[in-house]
Amino acid sequence: MINICLYFQAHQPFRIRELSFFEIGDKPEIFDFSLDKKILARVLKNSYMPAFDMFSRLIGKSRGKFNFGISFTGLLLEQLAQYQPGVIKTIADLIATGSAEVLGETYYHSFASLYSSREFEDQVRLHKQALEKYFGYEPQVFRNTELAYRSDIPKTIDKLGFNAILIEGSDRTLKGKSGNYLYSSAASGGLKILTRNQEYSNIFTSPGVSAKRTRKFPGLKDLIKRISEESGDLIIIGFDIECLGEHLKASSGIFGYFEEFIMNALKSKQIEFVTPSEARSAFKPKGVIEVYSPVTWHIKSNDISAWNGNAMQIEAMKYIYGLEEKLKSAGQPQLLDSWRKLQSSDHMLYMDTMETEEGRPAQLYSPFKSPHQAYIYLMNALASIELAAGADA
């Protein structure tokens, strides 16, 4: 018997508008709310709502044996509350089934954990407050932005009340160990570590694949047989929920394939589905994991180079976190919130210039024509916020 721990992540950023250099200092609106609203409506139609419907159907068909984890960034919840409040109720109903465990993370989908421990704590607390506000829910398991992990992070997570963290099961993470077991943190022994299985997770995703491209999925019978014959305690499969219907369109067959996978896996009697907390409680750690250089779930490098690998990204990161003290002492909540929205990892990814077999995957989701354009508008937005903070100080 092998256990599968499934989790999904849902996020939408606040996108920067094309902010001219000549507007800096005029306190202009820096976000393109009309574009955000348009994209949210499309993703809801293509992905979120069909996925939520499928999850509810699977919970019913399996009589509660289909269990999983799911996370929502604060930025997505904020947009839903503003533009599509009925979806909050849909999510709440899904949580109420008891089969969906909500995960904690940073409110702003940022890399604050790698740049500012104070800001990291603030954003995690804000996310916990959002889950309490919308769902009356307190998360126990943490999922960092892009699964970013370094061995100093567990101390903070432990202090904030979490008992487990999901991280990427890369070669650098596991160092020859099997990812099919629970592990513990070297820095905080009470915090358990669940490592995402890259191979099985990638079956359900299409990073860098054009929306026009369809995909041939592996045979269900062979896949389920291969999983059921795995040694160890559990296999953790996780991906962006947008892969269901948005990155991989419904015409690719992704919804039918996923639903058949779940039901056939349960019918095999060799596979069970557990939530992250159930996995944390059911199994004993196999060993300790230490990671000194940041690991992420980036499909090629498993580091942070997709977000901080070129001169533009490095300069932008320095500028962002260099403003922390000024923004926190300015006494302007709206400016502080705007600064935090600019920390979203999306803005850094839009500047990515690394070439892969599929070209530059980040540009498939960027609202800008080039990485350089993404850099210019982010820097203009930061400069505008800095000037406004100085003027109001």
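In which hand of crossing does helix 1 pass helix 3? The crossing is left-handed, a term for a near helix turned anticlockwise from the far one by less than a right angle (right-handed if clockwise).

## Basis of the model

This is a predicted model, in which local features need pLDDT of at least 70, side-chain atom pairs count only at pLDDT 80 or more, and totals for chains, interfaces and linings use all residues. Residues are numbered from 1 along each chain as its sequence is written, and side-chain values use heavy atoms, with hydrogens and water left out.

## Helix 1 and helix 3

Helix 1 covers residues 33-61 and helix 3 covers residues 85-96; helices are DSSP runs (H or I, at least four residues), as are strands (E, at least two), numbered from the N terminus. The two axes come within 10 Å and cross at roughly 25 degrees. That makes helix 1 roughly parallel to helix 3 (an angle under 35 degrees).

From helix 1, L44, M49, F52, F55, S56 and I59 meet V87, T90, I91 and L94 of helix 3, where contact means heavy atoms within 4.5 Å. By class, this contact has eight nonpolar, two polar and no charged residues.

## Two residues with positive phi

Most residues other than glycine have a negative phi. H109 has a positive phi, near 55 degrees, and lies in the loop between strand 3 (100-102) and helix 4 (112-115). H109 is buried, at a relative accessible area of 3% (buried is under 20%, exposed over 50%, with a 1.4 Å probe and protein chains only).

K269 also has a positive phi, near 65 degrees. The loop between helix 10 (254-267) and strand 11 (271-273) holds K269, which is exposed, with a relative accessible area of 59%.

Technical notes:
Axes are lines fitted to C-alpha atoms, for helices over the stretch in contact, and angles run from 0 to 180 degrees between N-to-C directions. Angles under 35 degrees count as roughly parallel, over 145 as roughly antiparallel, 65 to 115 as roughly perpendicular and the rest as oblique. Ala, Val, Leu, Ile, Met, Phe, Trp, Tyr, Cys and Pro count as nonpolar, Asp, Glu, Lys and Arg as charged, and the others, Gly among them, as polar.
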